[in-house]
Every structure is written in structure tokens, then in C-alpha cells.
Amino acid sequence: MSLITDTHSRRADTDAPLIPILIERWSPRGYDASAVIDEATLTTVLEAARWAPSASNMQPSRFIVARRGSDSFTTIHANLMGFNQTWADSASVLIANVAELAIDKTAADLKDNPWARYDLGQSVAHLTIQAQHEGLHTHQLGGFDGASLATAFGLTDNQVIVTITALGVLGDVSALSPEMLEREVAPRTRKPLTELLLVND
């Protein structure tokens with residue numbers, strides 16, 4: 001199997017009608033290692049993250065944007081854990097998603113922001129959907145050495161990398177291991193909505 005061309009097979013089988021972008025979004029591992037995302041499109045994707053909802057408009061989301069071939073990309077990729085390293089280097093961009101856990105009230109005073117990670121999640125979700133709209137794909141990564149990355153990029157104690165987003169163009173999946181290829185083409189499933197609703201009065 002090489003290029004995944006039957007994108008219809010990756011569409012979500014929803015129990016209620018959703019907008020097409022949400023139905024079509026999925027998280028591939030097989031990216032085109034030669035694809036370059038043009039700067040205007042990348043800016044558009046990041047702009048979507050900027051305009052995500054934010055509690056009290058504190059905007060705690062920060063991003064380390066690393067294009068393939070850059071030193072920053074190499075640093076992020078080197079600090080990925082497990083099998084993520086075997087495929088993520090084919091993405092066009094790796095984005096470290098950073099939450100600022102507190103905001104400056106004065107030069108000597110920080111106020112905790114209990115919604116920082118939540119707001120970052122909203123920003124990444126907006127980025128993800130805009131990327132899908134632009135014909136790109138994303139995959140969220142949780143396996144990485146956060147301490148090493150924080151040191152490498154000079155983050156403060158107030159800044160924590162929560163996730164990393166691989167961003168790119170669908171490509172040839174033949175280089176994937178059999179285990180990852182199986183995941184790439186497996187039917188998409190979700191728990192039933194009734195299992196998610198603790199109360200539905």
C-alpha cells in the first residue's frame with residue numbers, strides 16, 4: 001500500500017450531521033517528506049490558533065514553529081519518544097504547543113491561569129481544523145522529552161510544552177512499519193455519545 005487515496009474511508013461515521021471538515025479530519029502518520037507548506041498557508045493556520053477563545057482574553061498559548069530542515073525541527077524530532085521518531089520527520093512542520101501557566105500582573109507578581117492548558121487546547125483545535133480546511137493534516141503527539149525541549153528552547157518555569165503537532169501533506173505510507181500501517185488504515189471509532197454524557201436532562 002502506498003498513497004492513501006481513498007480519503008472517504010477515513011471519514012467519521014457520525015450519528016448526527018457535522019460540518020464536512022470535522023467529518024474528514026483524521027490523524028495520519030504517513031506524510032509527504034518532500035512537501036513544503038507555503039508561508040501564507042502556514043500563517044493562516046497559525047492565525048486560526050491566535051483567534052481561538054481564551055478565558056478573559058489572557059491568551060496563554062505560545063508556539064514553537066519548526067519547519068523541516070531547520071535546527072528547531074531537528075531538536076524537536078530528536079526529543080520525540082518511541083515510535084513517533086520513526087515517522088514524524090516526514091511532516092513539513094513540527095509545532096511545540098506551549099502554555100503559559102501564569103500572567104504578569106506586575107513585574108514582580110504572577111497570577112495563576114487555571115485555564116491555560118484548556119485555552120491552549122482550543123488554540124490547537126482551531127489550528128487543526130484550519131489546517132484541514134487548507135488541505136493539510138495534523139497529528140497530535142504526547143510522547144516527548146519536555147524538560148530537554150524546555151532547556152533547548154530557553155523556556156521559563158512559567159512555560160510548559162503540553163503537546164506537539166505534526167503538520168503536513170498526506171504521502172506514501174509504504175515506509176511505515178507494519179504496526180503503524182495497521183493503525184493508519186484501521187476503521188475509525190469513538191465511544192457512543194451516551195457514554196460521554198454524564199447528565200443529559
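Glu-47 is partly exposed, with a relative accessible area of 32%. Partly exposed lies between buried (under 20% relative accessible area) and exposed (over 50%), with a 1.4 Å probe and protein chains only. The side chain of Glu-47 meets that of Arg-50 in a salt bridge, 2.7 Å from N to O. A salt bridge here needs a side-chain nitrogen of Lys or Arg within 4 Å of a carboxyl oxygen of Asp or Glu. Arg-50 counts as partly exposed too, at 48% relative accessibility. Both residues lie in helix α2, 3 residues apart, about one turn of the helix. Helices (H or I, at least four residues) and strands (E, at least two) are DSSP runs, numbered from the N terminus.

This is a predicted model: local features need pLDDT of at least 70, side-chain atom pairs count only at pLDDT 80 or more, and totals for chains, interfaces and linings use all residues. Residues are numbered from 1 along each chain as its sequence is written, and side-chain values use heavy atoms, leaving out hydrogens and water.

The count comes to 5 salt bridges. One of them joins Arg-11 and Glu-24, at 3.3 Å from N to O. This pair links distant parts of the chain: Arg-11 is in the segment before α1, Glu-24 is in helix α1, and 13 residues separate them. Arg-11 is partly exposed at 31% relative accessibility, and Glu-24 is partly exposed at 29%. Another salt bridge joins Arg-183 and Glu-179, at 3.3 Å from N to O. Both lie in helix α7 (residues 178-185), 4 residues apart, about one turn of the helix.

Next, the rings. A search of the whole structure finds 1 aromatic pair. The rings of Tyr-31 and Trp-87 have centres 6.2 Å apart and planes at 20°, so the pair is stacked. The rule takes rings of Phe, Tyr and Trp (its six-membered ring) with centres within 6.5 Å; planes under 30 degrees apart count as stacked, over 60 as edge-to-face and the rest as tilted. Tyr-31 sits in the loop between α1 (20-24) and α2 (39-50), and Trp-87 in helix α4 (residues 84-87), 56 residues apart. Both are buried. Elsewhere, the charged end of Arg-10 sits over the ring of Trp-26, 4.6 Å from its centre. That call requires NZ of Lys or CZ of Arg within 6 Å of the ring centre and within 35 degrees of the ring normal.

Trp-87 returns in the core. Of the 23 residues in the largest nonpolar core, Ile-76, Trp-87, Leu-94, Ile-161 and Ile-164 touch the most other members. Such a core is a set of buried Ala, Val, Leu, Ile, Met, Phe, Trp, Tyr and Cys residues joined through side-chain atoms within 4.5 Å. β1 (61-67), α3 (71-78), β2 (93-100), α6 (146-152) and β6 (159-168) each supply at least two residues of this core. A second, separate core of 10 residues includes Val-93, Ile-95, Leu-127 and Ala-131.

Now follow β6. Of its 10 residues, 7 are buried, so β6 is largely enclosed by the rest of the structure. β2 and β6 pair in the antiparallel sense over 8 bridges; pairing takes at least two DSSP bridges between strands. The bridge partner of Ile-95 in β6 is Thr-165. Strand β5 (residues 137-141) also pairs with β6 in the antiparallel sense, over 5 bridges. There, His-137 has Gly-168 of β6 as its bridge partner. Beyond four places in sequence, the contacts of Ile-164 (heavy atoms within 4.5 Å) include Ile-76, Ile-95, His-139 and Leu-149.
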